[in-house]
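Please look over the sequence and the model shown here before reading on. The explanation is meant to be read beside them.

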There are 2 protein chains.
Amino acid sequence: MPGAAPDTPAPMNGHESAIPVPRPFDFRKHGHAMVDWIADYLDRVEQFPVQSTVAPGWVRSQLPVHPPEHGEPWERIAADVDRVILPGITHWQSPNFFGYFPANASGPAVLGELLSAGLGVQGMLWSTSPACTELETHVMDWLAGMLGLPAHFQSGGPGGGVIQDTASSATLCALIAARERATGFAGTRDGLQAARGPHLVAYATADAHSSIEKDVRIAGLGAANLRTVPMRADRAMDPAALARMMDEDRAAGRVPFFCVAAVGTTGTHAVDPLPELGPACARHGAWLHVDAAHLGIAALCPEFRAIHAGLEHADSYCVNPHKWMLVNFDCDAFWVRDRAALVQALSVLPEYLRNSATESGKVIDYRDWQVPLGRRFRALKLWFVIRHEGTEGLRALVRRHVALAARLRARIAADPALELVHPTPWSLVCFRARAGDDATAIIQSGVNDGGRAFITHTRVDGRLVLRVSVGAPTVAERHVDALWDLIRGAR
Amino acid sequence: MPGAAPDTPAPMNGHESAIPVPRPFDFRKHGHAMVDWIADYLDRVEQFPVQSTVAPGWVRSQLPVHPPEHGEPWERIAADVDRVILPGITHWQSPNFFGYFPANASGPAVLGELLSAGLGVQGMLWSTSPACTELETHVMDWLAGMLGLPAHFQSGGPGGGVIQDTASSATLCALIAARERATGFAGTRDGLQAARGPHLVAYATADAHSSIEKDVRIAGLGAANLRTVPMRADRAMDPAALARMMDEDRAAGRVPFFCVAAVGTTGTHAVDPLPELGPACARHGAWLHVDAAHLGIAALCPEFRAIHAGLEHADSYCVNPHKWMLVNFDCDAFWVRDRAALVQALSVLPEYLRNSATESGKVIDYRDWQVPLGRRFRALKLWFVIRHEGTEGLRALVRRHVALAARLRARIAADPALELVHPTPWSLVCFRARAGDDATAIIQSGVNDGGRAFITHTRVDGRLVLRVSVGAPTVAERHVDALWDLIRGAR
């Protein structure tokens with residue numbers, strides 16, 4: 001009887017009686033319908049042009065200028081998904097999508113994302129939902145084992161793993177930890193402007209991912225201090241060149257502090273030679289970060305595990321289950337050899353986050369392992385996928401994509417008008433027309449313009465190269481064969 | 001007939017016939033069940049202890065050391081959600097959760113997240129899914145209007161909005177843009193170590209969010225160059241002190257370049273006085289970033305819009321629909337007055353991302369507005385919530401929470417054993433026991449230990465203060481009254 005208690009304040013104003021808050025929503029009914037919509041979408045995804053054909057501004061032109069003052073019926077909102085959104089979608093889940101990288105998702109992953117949203121918890125501290133932290137540590141240890149990563153990345157020792165949104169963010173965290181290790185934490189304390197010591201220099205090849213330069217910029221190190229290490233003929237980093245450049249920088253009074261090696265460059269999936277890069281980095285105390293965002297997943301299969309040769313030299317490593325392991329974006333798996341540098345660089349503990357579990361020293365607080373404070377429960381989707389597929393099921397996925405890529409590669413190799421470019425034995429096929437860039441561009445248009453498939457491009461030694469990235473969840477022989485027909489028809 | 005074509009390579013190896021890839025999954029059936037599980041969870045969320053009671057290590061102890069080699073039945077996986085995960089959850093969606101900040105979610109938002117996962121598209125470029133970019137621009141313009149933000153944040157001019165994961169990341173982006181504006185882009189080009197010019201200095205109060213120091217560290221500026229600006233008696237930034245410190249820094253050869261003003265500090269929801277801070281920043285050309293992560297949502301209501309007085313001085317602004325607008329985490333809304341500095345600082349365009357839409361200059365590529373490259377379709381959940389609730393429905397939510405906070409505040413004010421600390425007219429209630437910290441700590445334990453409610457704490461002037469953050473989606477009078485009974489019983 002709140003109204004009868006002597007210390008009861010005035011009744012609430014009338015707002016809450018006028019409109020229930022939140023407005024009623026039949027979550028079961030509309031949720032079932034959304035699940036069915038997604039299932040239907042994935043069933044019919046091949047019917048759409050793979051790349052959206054809308055012109056700039058079309059989607060906005062379909063939307064009212066002002067938001068609604070009062071709530072709309074759900075049916076009208078849901079109908080707009082078909083009317084406005086679907087035409088503006090480039091269908092990354094289509095088996096005819098061969099662009100960029102696979103962003104392959106799966107039912108169990110989508111339900112993991114749904115559950116994470118439904119629980120709506122924060123994982124910034126262990127105490128804000130212990131399951132969110134502990135499941136993450138656990139599945140990251142699982143995944144390290146599944147990929148055959150060095151033991152120093154397991155959480156039982158001084159290292160450990162954490163889920164980041166993307167490899168860009170993982171590399172930024174590695175870079176910050178390396179910067180602080182190299183400056184004795186002067187960077188976070190006094191700032192780089194005050195650092196009287198020698199300048200820091202980072203290393204990667206021209207084929208390294210664009211996020212590395214972006215991260216170097218963000219960290220205040222300057223793109224000019226990111227050295228472009230020459231590549232060997234196979235477009236992997238030349239370890240002799242790295243060693244020479246590091247020596248020269250050292251001799252000139254600079255500090256080689258960070259090197260990013262790619263296990264699978266974005267352009268051609270070249271694998272930088274870790275066994276030789278490791279000692280070069282170690283000689284200068286430089287942090288070796290390995291970016292295996294896409295290709296690293298291949299290490300699920302023992303027959304491809306050679307891509308990780310030399311990984312015992314790495315201070316940190318990242319790979320994206322959201323690229324090639326059926327986990328929907330975002331899910332980057334990032335491990336460090338020594339979490340202390342990372343945590344010391346990123347930990348700021350205000351009073352309002354203090355709690356007895358943190359002070360006990362018995363728990364991990366993942367907020368100190370990443371840029372943002374807040375974090376959602378991303379381990380659920382990784383856990384669901386690993387358990388539903390099993391390690392063997394995920395290996396089968398990799399093997400299927402590799403076999404499909406080999407099927408296409410063999411056809412291209414046999415065609416006198418085409419040539420493979422830096423062929424690799426995995427799931428990426430790079431090729432061009434022997435007649436030159438114009439002919440190559442015509443092939444890309446021929447594949448993409450009709451909407452029946454989608455491939456992207458890069459440049460290698462200044463020449464246009466087409467990339468066929470095989471990795472959609474349901475891609476099969478017929479899709480690769482149809483792609484080949486489009487290529488052959490346009491060459 | 002692939003086998004009959006003359007250029008057909010050898011058949012694929014046997015892997016794909018042994019195991020269909022991905023393994024079959026009845027998405028409809030299990031999806032409906034997951035929707036029902038979430039609906040049931042939210043129906044019974046009050047039954048659980050609000051804060052998880054598991055000990056460190058319990059969750060991991062329930063999980064097998066090794067991942068499964070073969071896929072498991074979905075029923076077993078789903079059952080483990082109840083067995084292993086649920087005991088490890090601190091229930092942020094409970095109407096008895098009054099800790100930290102609200103992370104209030106709602107059915108339409110959860111379905112937006114589900115749809116985003118189901119579509120599985122990338123929004124890094126306009127061309128990788130035009131709807132992902134255009135819907136985001138559109139709803140950010142909507143939201144700017146709903147909050148009454150200055151026109152310079154609308155996308156039609158040189159400014160615009162973008163969805164970030166968190167306010168931490170938004171502030172980092174603002175900081176990078178400010179750093180580059182102040183150095184003529186020398187920071188991203190040559191690095192801060194090479195910057196021969198005067199040192200950069202940033203400003204915030206001791207009550208500003210911990211992410212500001214973290215961001216300053218990440219950007220290489222050094223925590224020592226983040227000045228702690230004194231506060232007035234109401235714990236808002238003292239504008240005279242800011243002006244004086246900026247002048248002193250300038251006189252000493254340093255450059256005041258960045259100031260973060262809080263609209264609602266984390267501790268007590270103090271509002272820094274933008275009308276006076278703006279001119280102080282302008283005099284030194286310093287970038288004024290306004291962090292309104294939680295409280296800014298109150299500006300949906302005209303009667304609370306005074307919190308944004310002076311916002312016309314701001315170079316950037318962020319607020320979190322994932323805190324107080326029924327959108328599940330993550331969804332931070334971030335606007336800049338001039339997107340050029342941000343884009344110039346963060347844009348790195350490799351060949352493999354080049355496309356005709358980008359080159360036309362007619363589209364936004366949001367990858368250049370954030371730290372990561374990849375991005376998911378977060379605008380869907382914001383769109384769904386705004387349309388389902390309508391602006392009026394969201395105002396009603398704010399008003400209900402404000403009224404409930406007032407109800408509790410009045411009771412505390414009337415209790416001679418308690419005192420309000422820096423009372424505000426919004427949804428946060430701060431108080432302590434007049435008898436001192438020990439008595440205050442006993443109240444916190446009395447509320448939290450039985451699991452019937454959950455509140456967190458901070459320190460103000462060295463003294464322990466309890467924070468009651470009212471904002472759960474379904475919180476009503478009875479929950480606040482039950483909390484009051486717990487407080488009264490423990491005081």
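The paragraphs below go from the single chain to its sheet and then to the contact between the chains.

This is a predicted model, in which local features need pLDDT of at least 70 and side-chain atom pairs count only at pLDDT 80 or more, while totals for chains, interfaces and linings use all residues. Residues are numbered from 1 along each chain as its sequence is written, and chains are lettered from A and ligands numbered from 1 in the order in which they are written.

Chain A holds 17 helices and 12 strands, where helices (H or I, at least four residues) and strands (E, at least two) are DSSP runs numbered from the N terminus. Its radius of gyration, taken over C-alpha atoms, is 25 Å, close to the 23 Å given for 491 residues by the globule rule (2.2 Å times the number of residues to the power 0.38), so chain A is as compact as a globular protein of that length. The C-alpha trace of chain A spans about 85 × 60 × 45 Å along its principal axes. Of its 491 residues, 62% count as buried, that is, 20 or more other C-beta atoms, placed from the backbone, lie within 10 Å of the residue's own.

Within chain A, seven strands form an open sheet of mixed pairing in the order β2-β8-β7-β6-β5-β3-β4, two strands being paired if DSSP finds at least two bridges between them. At the edges stand β2 (160-164) and β4 (226-229) of chain A, each with a single partner strand, so one side of each is left without a neighbour in the sheet. Direction ignored, neighbouring strands of this sheet are turned by 20 degrees against each other on average.

Inside the sheet, strands β5 (residues 255-262) and β6 (residues 287-291) of chain A run parallel and are joined by five bridges, with A261(A) standing opposite V290(A) in β6(A). Across β5 and β6 of chain A lies helix α11 (residues 274-284) of chain A, running at about 165 degrees to β5(A); axes are lines fitted to C-alpha atoms, for helices over the stretch in contact, and angles run from 0 to 180 degrees between N-to-C directions.

The contact between the chains takes 149 residues from chain B and 148 residues from chain A, two residues being in contact if their C-beta atoms, placed from the backbone, lie within 7 Å. On the side of chain B that touches chain A, the largest share, 18 residues, comes from helix α15 (residues 379-413) of chain B.

Definitions and conventions: Buried ≥ 20, exposed ≤ 12 C-beta atoms within 10 Å, placed from the backbone.
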